[in-house]
Amino acid sequence: MRQIIKYFALDLTAQKTALLTNLTRKSVNQIYLKIRNRIAQECERASPFSNCEIEVDESYFGARRVRGKRGRGAGSKQIVFGIYKRNGKVYTEIVPNAARKTLQNIIRGRVSLDSVIHSDGWRGYNGLVDVGYSKHYRVNHSADVFAIGDVHINGIESFWSFAKRRLQKFNGVPTATFYLHLKECEYRFNHRNENIQLLLLKLLEHYPL
């Protein structure tokens, strides 16, 4: 098992790990799935964002935009909302839409009112000041404005780039397991400067497969 955890930490595919361990790909996939479940549970246990500077944004994963459909995330893409603490960690959540009510509910459940929020000009972020977030700063990407001094969302956008690059190697992730792969990206990003193998060993010691 330690060998499989090592290869998982190295981000090897199930197929490569199967070749290195003389196990079937199905067996490795089952173990990988269990590890991803533990990772997802650990991510959900993360503490809310309190008294800090954060960036919020939504991104779209999956198939290319469907021809003939327009609008933010048009087509069959999976919508993901993210909250990033500057110089810290990211939290992601799959959402049914990028509407104001949906995004505000997540922000209010995860971010304390004394935090500073940075976002783009999407209307889904309208009204945050009205519900108590007195420090909400925006950049208007639609007008090709991406930074005004410290007002930007470069941090959360760097996570989106990381996650999409990483998921490309799977040549498509099934909808049924997308959540687990997303949370794995979140976990790897949040611990990017740490030893993932040691972290996983400690995690699985507390929460065995």
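**Exercise 1. A pair of rings**

Is Phe-81 buried or exposed? Then work out how Phe-81 and Tyr-125 are arranged.

*Solution.* A word on what you're looking at: this is a predicted model, where local features need pLDDT of at least 70, side-chain atom pairs count only at pLDDT 80 or more, and totals for chains, interfaces and linings use all residues. Residues are numbered from 1 along each chain as its sequence is written, and side-chain values use heavy atoms, with hydrogens and water left out.

Step 1. You need the cut-offs: buried means under 20% relative accessible area, exposed over 50%, and partly exposed in between (1.4 Å probe, protein chains only). Phe-81 has a relative accessible area of 0%, so Phe-81 is buried. Tyr-125 is buried as well, because its relative accessibility is 0%.

Step 2. Now for the pairing rule: rings of Phe, Tyr and Trp (its six-membered ring) pair if their centres lie within 6.5 Å; planes under 30 degrees apart count as stacked, over 60 as edge-to-face and the rest as tilted. This rule gives 9 aromatic pairs. One of them joins Phe-81 and Tyr-125, with 6.4 Å from centre to centre and 35 degrees between the planes, and it is tilted.

Step 3. Find the two rings along the chain. Helices (H or I, at least four residues) and strands (E, at least two) are DSSP runs, numbered from the N terminus. Phe-81 is in strand S2 (residues 78–85) and Tyr-125 is in the loop between strand S4 (116–120) and strand S5 (136–139), so the pair ties together parts that are 44 residues apart in sequence.

**Exercise 2. Another pair, and a cluster**

Describe the pair of Phe-162 and Phe-189, and say which aromatic cluster they belong to.

*Solution.* Step 1. The centres of Phe-162 and Phe-189 are 5.8 Å apart, with 50 degrees between the planes, and the pair is tilted. Phe-162 sits in helix H5 (residues 154–168) and Phe-189 in helix H6 (residues 175–190), so this pair links distant parts of the chain, 27 residues apart.

Step 1. Phe-162 is partly exposed, at 23% relative accessibility, while Phe-189 is buried at 7%.

Step 2. Zoom out: Phe-162 and Phe-189 belong to one aromatic cluster with Phe-61, Tyr-84, Phe-159, Trp-160 and Phe-178.

Step 3. Look for charges over rings. That's the case if NZ of Lys or CZ of Arg is within 6 Å of the ring centre and within 35 degrees of the ring normal. Over the ring of Phe-61 you'll find the charged end of Lys-164, 5.0 Å from the centre. Likewise, Arg-188 lies over the face of Phe-8, at 5.2 Å from the ring centre.

**Exercise 3. Two helices**

How do the axes of helix H3 and H6 cross, and which residues make the contact?

*Solution.* Step 1. Axes are lines fitted to C-alpha atoms, for helices over the stretch in contact, and angles run from 0 to 180 degrees between N-to-C directions. The axes of H3 (residues 25–44) and H6 come within 8 Å and cross at roughly 65 degrees.

Step 1. The crossing is left-handed, a label used if the near helix is turned anticlockwise from the far one by less than a right angle (right-handed if clockwise).

Step 2. List the contacts (heavy atoms within 4.5 Å). H3 brings Leu-33, Arg-36, Asn-37, Ile-39, Ala-40, Glu-42, Cys-43 and Glu-44, and H6 brings Thr-177, Tyr-179, Leu-180, His-181, Lys-183, Glu-184, Glu-186 and Tyr-187.

Step 3. Sort them by class: Ala, Val, Leu, Ile, Met, Phe, Trp, Tyr, Cys and Pro count as nonpolar, Asp, Glu, Lys and Arg as charged, and the others, Gly among them, as polar. You get 7 nonpolar, 3 polar and 6 charged residues.

**Exercise 4. Loops and a helix**

Where do Asn-22 and Leu-204 lie?

*Solution.* Step 1. Asn-22 lies in the loop between helix H2 (14–21) and H3. Its phi is near 60 degrees, a positive value in a residue other than glycine, and Asn-22 is exposed at 72% relative accessibility.

Step 1. Leu-204 is in helix H7 (residues 196–206) and is buried at 11% relative accessibility. Leaving aside residues up to four places away in sequence, Leu-204 touches Ile-5, Ile-35, Arg-38 and Leu-209.
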